[in-house]
Amino acid sequence: MSAQVAQSFLPLFISWAERQPFLGYVLTTLFPNYIQEICPLPVIQLQGGRQLRWPTVAVACLCGCVLGLLSGGHMLRRAMTRSRREKGFFSWGFTFLWYGVMCLGGLFHHCISPSPFFYKTDIIGTACFSLSIVPGSIPANDTSNAARLLFLAIYGVVVFSAVTGSQAVLEVLYTGPMVLGAVAGAWFLWRVSTEVMVSQVARKRIWKWSAVAVMGTLMAGGGIAGDKWLCLLFGSNFSLLFWAFFGCNVTLFACFPIVLLHASEQVKNPNLKQS
């Protein structure tokens, strides 16, 4: 079933990959046809003839939506009310908010009511969430009005491109920023974990949360590599799609205290602002 999810979400990319000898072999190895028969689409019949597809994915998406909206709202409030010495809260606030939008789009598109609107909502949320990680990880100076207007303008371009663009544009918006955000996120975890000016107590806590974030990332990536074995062991409900959302939830949940810890150290030691 995971192969069908990938095919419906990124049809142009999957079609191109299948025609490439090596990539076609990889796809066949990761998503063999017999798995699609053994692990069919999980569906729960609801009242009124409605269906809930991927029920475990629905739970993961709902949790991610709540996590994103609450954490993002908290960071944006700090960005608007706290001292401007604290860089990054504006960027990270929108990182979490857009993650919530991504999960909301995924909840409806994958589980409740597949439609072009919710498909594009998922794409927009993923692209803006991934792009927001970059300035938060560098960290860029997001305390000025000009910088914040620039970020909002970039979000506007993404939304406009997704609404008016072709399928190819949508798939580029989905995959390109995702790769960029993954690289920036890895850099962020490495940077804060190796910062020499952070206190010993804060460093230990950052290391612990960084380990949790890495574990979540491995869950999300491992869901792709181990999809057929996960389906055989645990059934369709715990295949690629579930681990993608659940793993991202774990990573974002761990990044929230890391950002707060590093910000508190930044206030104590202004030299961290240049780290």
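This is a predicted model: local features need pLDDT of at least 70, side-chain atom pairs count only at pLDDT 80 or more; totals for chains, interfaces and linings use all residues.

How enclosed is α6 by the rest of the structure? Of its 24 residues, 19 are buried, so α6 is largely enclosed by the rest of the structure.

One partner to look at beside α6 is helix α5, which covers residues 55–81. The two helices pack at an angle of about 160°, and their axes are 7 Å apart. An angle over 145 degrees counts as roughly antiparallel, and α5 and α6 are therefore roughly antiparallel to each other. If you look at the way they cross, you will find that the crossing of α5 and α6 is left-handed.

W54 sits in the loop between β2 (51–53) and α5. Its phi is positive, at about 50°, although W54 is not a glycine. For context, most residues other than glycine have a negative phi. Is W54 buried or exposed? With a relative accessibility of 2%, W54 counts as buried, because the cut-off for that is under 20%.

The largest nonpolar core has 65 residues, and V57 and F245 are the ones with the most contacts inside it. Helix α12 (residues 240–268) gives the largest share of this core, 12 residues.

Another helix pair comes next. Helix α7 (residues 116–137) and helix α8 (residues 145–164) pack at an angle of about 155°, with 10 Å between their axes. That angle makes α7 roughly antiparallel to α8. Their contact is made on the α7 side by K120, I124, A127, C128, L131, S132 and P135, and on the α8 side by F151, I154, Y155, V158, V159, A162 and V163. The crossing of α7 and α8 is right-handed.

Let's look at some individual residues on these two helices. S130 has its place in helix α7, and S130 is buried, with a relative accessible area of 3%. Apart from neighbours within four places in sequence, S130 is in contact with P177, M178 and G181.

Over on helix α8 you can find both A147 and S161. A147 is buried, at a relative accessible area of 13%. Leaving out residues up to four places away in sequence, A147 touches N141 and D142. How far apart in space are A147 and H110? They are 37 residues apart in sequence, and their C-alpha atoms are 35 Å apart. S161, for its part, touches V169 and L173, again not counting residues up to four places away in sequence. S161 and L173 are 12 residues apart in sequence and 8.4 Å apart in space, C-alpha to C-alpha.

The last stop is on helix α9 (residues 167–193), where S193 lies. S193 is buried, with a relative accessible area of 14%. Not counting residues up to four places away in sequence, S193 touches R203, I206, W207 and S210. One of these, S210, is 17 residues from S193 in sequence, and the two are 7.4 Å apart in space, C-alpha to C-alpha.

Technical notes
Residues are numbered from 1 along each chain as its sequence is written. Side-chain values use heavy atoms; hydrogens and water are left out. Buried means under 20% relative accessible area, exposed over 50%, partly exposed in between (1.4 Å probe, protein chains only). Helices (H or I, at least four residues) and strands (E, at least two) are DSSP runs, numbered from the N terminus. A nonpolar core is a set of buried Ala, Val, Leu, Ile, Met, Phe, Trp, Tyr and Cys residues joined through side-chain atoms within 4.5 Å. Axes are lines fitted to C-alpha atoms, for helices over the stretch in contact, and angles run from 0 to 180 degrees between N-to-C directions. Angles under 35 degrees count as roughly parallel, over 145 as roughly antiparallel, 65 to 115 as roughly perpendicular and the rest as oblique. A crossing is left-handed if the near helix is turned anticlockwise from the far one by less than a right angle, and right-handed if clockwise. Contact means heavy atoms within 4.5 Å.
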